[in-house]
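Dear colleague,

I am handing over the structure below, together with some notes on what was found in it. Please read the notes with the model open beside you.

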Amino acid sequence: MATSSKQGAMESDARSPAITVERNPPESRLQQLGIKSWPKWACPPGRFPLKFDAQETCYLLKGKVKAYAKGSSEFVEFGAGDLVIFPKGLSCTWDVAAAVDKHYKFDSCS
């Protein structure tokens, strides 16, 4: 699994768990994960503070987002076609440039 581009590498910030972005995973991977059976969620453009109490894996059907870790000016950018993992305990702000439509799943074992 690839991590985010260096443009928004949160891995360097020891205070923030890293967001992982897998760009355009193959259809076989999406089928293996059962993404089409996951619930859907959507949001309009805007800024939204989020805290992840469990690990979330999501697949963006549409949209464009910059996620800023709490207290940081660095960001991870992701959008339509990306598979993204948000670690448990992450606090961030989503700056949504284009409305988001995504499938998502929370992992209870994280």
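If neighbours within four places in sequence are left aside, H103 is in contact (heavy atoms within 4.5 Å) with I35, K36, W38, P39, K40, T57, C58, Y59 and L61. H103 belongs to strand β7, which covers residues 91-107; helices (H or I, at least four residues) and strands (E, at least two) are DSSP runs numbered from the N terminus. With a relative accessible area of 9%, H103 is buried, where buried means under 20% relative accessible area, exposed over 50%, and partly exposed in between, with a 1.4 Å probe and protein chains only. The side chain of H103 also reaches the backbone oxygen of I35 at 3.4 Å, within the limit for a polar contact (a pair of N or O atoms within 3.5 Å; within protein, one must be able to donate a hydrogen and the other to accept it, and residues adjacent in sequence count only if both atoms are side-chain atoms).

A word on the basis of these notes: this is a predicted model, in which local features need pLDDT of at least 70 and side-chain atom pairs count only at pLDDT 80 or more, while totals for chains, interfaces and linings use all residues. Residues are numbered from 1 along each chain as its sequence is written, and side-chain values use heavy atoms, with hydrogens and water left out.

Taking a salt bridge as a side-chain nitrogen of Lys or Arg within 4 Å of a carboxyl oxygen of Asp or Glu, the count comes to nine. Among them is the pair K40 and D101, whose closest N and O atoms are 3.6 Å apart; this pair links distant parts of the chain, with K40 in strand β2 (residues 40-43) and D101 in strand β7, 61 residues apart. D101 counts as buried at 17% relative accessibility. Another salt bridge joins the side chains of R29 and E22 at 3.0 Å, N to O, and E22 is buried, with a relative accessible area of 12%.

As for the nonpolar cores (sets of buried Ala, Val, Leu, Ile, Met, Phe, Trp, Tyr and Cys residues joined through side-chain atoms within 4.5 Å), the largest has 17 residues, of which I19, F78, V84, F86 and W94 touch the most other members. Strands β4, β5, β6 (82-86) and β7 each supply at least two residues of this core. A second, separate core of five residues includes L30, W38, Y59 and L83.

With best regards
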